[in-house]
Amino acid sequence: MRTAHPRLSALLGACALLAATAPVHAESAIDVERARGDRHDDDERDSVSGGGGSELPPYLQCVPYARQVSGIQIRGDAWTWWSQAEGRYARGNRPRVGAVMTFQPYGRMELGHVAAVSRIVDSRTVLLRHANWSPINGRRGQIEDNVRAVDVSPDNDWSQVRVWFAPIQNLGSTAWPVQGFIYPKRIDQAPRGTRVIDSVSDPIGAIIAARLAVKR
């Protein structure tokens, strides 16, 4: 049997080595893109944890942490907070320090999400305190304090927000739908005779109340 020419053997060996190493280079390129924040919406939606009910699973859910830092005593899955707050807490579509931003279920975040507002930066930016949003060091259920959320709704009504996403060290690209804000003051604790305005169900009343407050 004839043996292959030495040069041909060397060429075949080089091709085999190149084929073996190609997937590693492709994977490294993807990692670089992710580090730069060049991720698609589907990637972020698949990674965000969100959700969480009143029970504590092996990792910290968003609901117990939001309840702890805001003082709003609502239990159950995050998506139920908005309806549960009706008649118990004032609600609205403007952020306030101490209020809880309630997210609608979206994508794989089937249970919704709740996060407490820690600071108002400007009319489009707030800082949030929340748990079980970003996976950090490959682990769910992590606490993130004072991270940015930016209103990206067309009418500046906080119905859609982008939220800081730790794996890319930047705002995520997904516009997450928001139900509104639950304010920590209980309606049954308001002084007798005071009408607490729910600015979602009574927007005109909220405008009148705000103008009267300025005149005082």
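Two strands count as paired if DSSP finds at least two bridges between them. Hold on to that for the sheet. What you see above is a predicted model.

Start with the strands, then. Strand 2 and strand 3 are joined by four bridges. They run antiparallel. Look at Thr-102: its opposite number in strand 3 is Val-114. Now go on to strand 4. Five bridges tie strand 3 to strand 4, again antiparallel. Asp-122 stands opposite Thr-125 in strand 4. The link between strand 3 and strand 4 is a hairpin, through two residues.

Step back to the whole chain. How many helices and strands does the protein chain have? Five helices and eight strands. In sequence order the pattern reads α-α-α-α-β-β-β-β-β-β-β-β-α. The protein chain has 216 residues, and 38% of them count as buried. Its accessible surface is about 12700 Å². Carbon and sulfur atoms hold 52% of that surface. Take the contacts between residues at least 6 apart in sequence: 53% of them join residues at least 24 apart.

Next, confidence. The average pLDDT over the protein chain is 76, and 62% of the residues score at least 70. Over residues 14–42 the pLDDT is below 50, and that stretch has 14 contacts in the model beyond near neighbours in sequence. Residues 193–197 also stay under 50. For residues 193–197 the model has 10 contacts beyond four places in sequence.

Now the inside. Which residues have the most contacts inside the largest nonpolar core? They are Met-101, Phe-103, Leu-128, Trp-133, Val-161 and Trp-176, in a core of 24 residues. Six strands each supply at least two residues of this core: strand 2 (100–103), strand 3 (113–122), strand 4 (125–131), strand 5 (143–151), strand 6 (160–165) and strand 8 (176–186).

Leave aside neighbours within four places in sequence. Met-101 then contacts His-113, Val-114, Ala-115, Val-126, Leu-128, Trp-158, Val-161, Val-178, Gly-180 and Phe-181.

Ala-66 sits in helix 3, residues 62–70. Is Ala-66 buried or exposed? Buried: its relative accessible area is 1%, and the cut-off for buried is under 20%. Which residues does Ala-66 touch, not counting those up to four places away in sequence? Gly-71, Trp-81, Val-100 and Val-114. Ala-66 and Ala-115 are 49 residues apart along the chain, yet 5.7 Å separates their C-alpha atoms.

The other is Ile-187. Where is Ile-187 placed? In the loop between strand 8 and helix 5 (203–215). Ile-187 has 29% relative accessibility, so it counts as partly exposed. That class lies between the cut-offs of 20% and 50%. Ile-187 and Arg-88 are 99 residues apart in sequence. In space, C-alpha to C-alpha, the gap between Ile-187 and Arg-88 is 5.3 Å.

Note on methods
Residues numbered from 1 in each chain as written. Predicted model: local features only at pLDDT ≥ 70, side-chain atom pairs only at ≥ 80, totals over all residues. Heavy atoms only, no water. Buried < 20%, exposed > 50% of the residue type's maximum accessible area, 1.4 Å probe, protein only. Contact = heavy atoms within 4.5 Å. Areas by Shrake-Rupley, 256 points an atom, 1.4 Å probe, with all protein chains shown as cover. pLDDT = per-residue confidence, 0-100. Core = buried A, V, L, I, M, F, W, Y, C linked by side-chain atoms within 4.5 Å.
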